[in-house]
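I opened this notebook to record what I looked up in one structure. The entries follow in the order in which I made them.

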Amino acid sequence: MLSLCANLSFLFTEFDFLERFQQAASANFSAVECLFPYAVPADHIDSVLKKTGLKMVLINAPAGNWDKGERGLAALPDRQDEFRAGFLQALHYARTLNCSFIHCMAGLSETGHDTPAMEQCYVSNLIWAARLAGEANITITIEPISLQTINHYYLKTAEQASKIISLTKMPNIGLQLDLYHLSLTEENMLEQSLQKWLPQTRHIQIADSPGRHEPGTGNILWKEIFSIIRNENYHGWISCEYNPLKSTINGLIWRDNYKV
């Protein structure tokens, strides 16, 4: 069986945030993740995790002013102090929640900074963050995001992400591979691309395309995808990061359909 976790920023949104944990546990998930947990004190979330028996797998570091369209700070040279302050907050949450991964979003390239400056800033910030995270046995992830989803996002492709990871030379920085985004950037080569990048992948997220709904609602060949993941001996988490077509519970039938 593959190890599935529920992204609580996408699933069970019919319920208040803290209520989603029990809903995930009742739906037979053993782990969860979320984008930004910072509106709720870390000890409150930890209490719910202990009560439900769930593991927190991943959180995002603060990504700037999300409501105003900001999508990360890690590659923005004039926001370095803000990124690092936010990362310290994320590290506190990850330590408290015994969370395995912190995702550091790069930011938008339309800010006027040239690509070499952004790359240098990104690598520098990631090295700094990874050194701190390593002391707590936490891994930093970076995720290429399709331009169809976030226009002007700096980290666009798995190829670019692989280069950034290599430049850091840090063992606890890895690829966060979202198959929805990969399907958009690689078009008709999703299976081949998954095989290529899976060895560098620390964390997988899934949603069907088009629509970003649950597996089985779009064009991705999930039987083949899950077979590749099994055959390549990937032992990490696979996050359900999709927008349910109807209700979360009704949509979970896909797990039985694909035997995951």
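Predicted model: local features only at pLDDT ≥ 70, side-chain atom pairs only at ≥ 80, totals over all residues.

Residues are numbered from 1 along each chain as its sequence is written, and side-chain values use heavy atoms, with hydrogens and water left out.

Entry 1. I looked up the UniProt record, an unreviewed entry, which places the feature "active site" at Glu143 and Glu241; such annotations may be inferred rather than shown by experiment. They span 99 residues in sequence, yet no two of their C-alpha atoms are more than 13.2 Å apart, so they gather at one spot.

Entry 2. I found Glu143 in the loop between strand E5 (139-142) and H5; helices (H or I, at least four residues) and strands (E, at least two) are DSSP runs, numbered from the N terminus. Glu143 is buried at 5% relative accessible area (buried is under 20%, exposed over 50%, partly exposed in between, with a 1.4 Å probe and protein chains only).

Entry 3. I found Glu241 in the loop between strand E8 (237-240) and helix H9 (248-251). Glu241 is also buried, at 4% relative accessibility.

Entry 4. The axes (lines fitted to C-alpha atoms, angles from 0 to 180 degrees) of H3 (80-97) and H4 (115-134) come within 11 Å and cross at roughly 30°.
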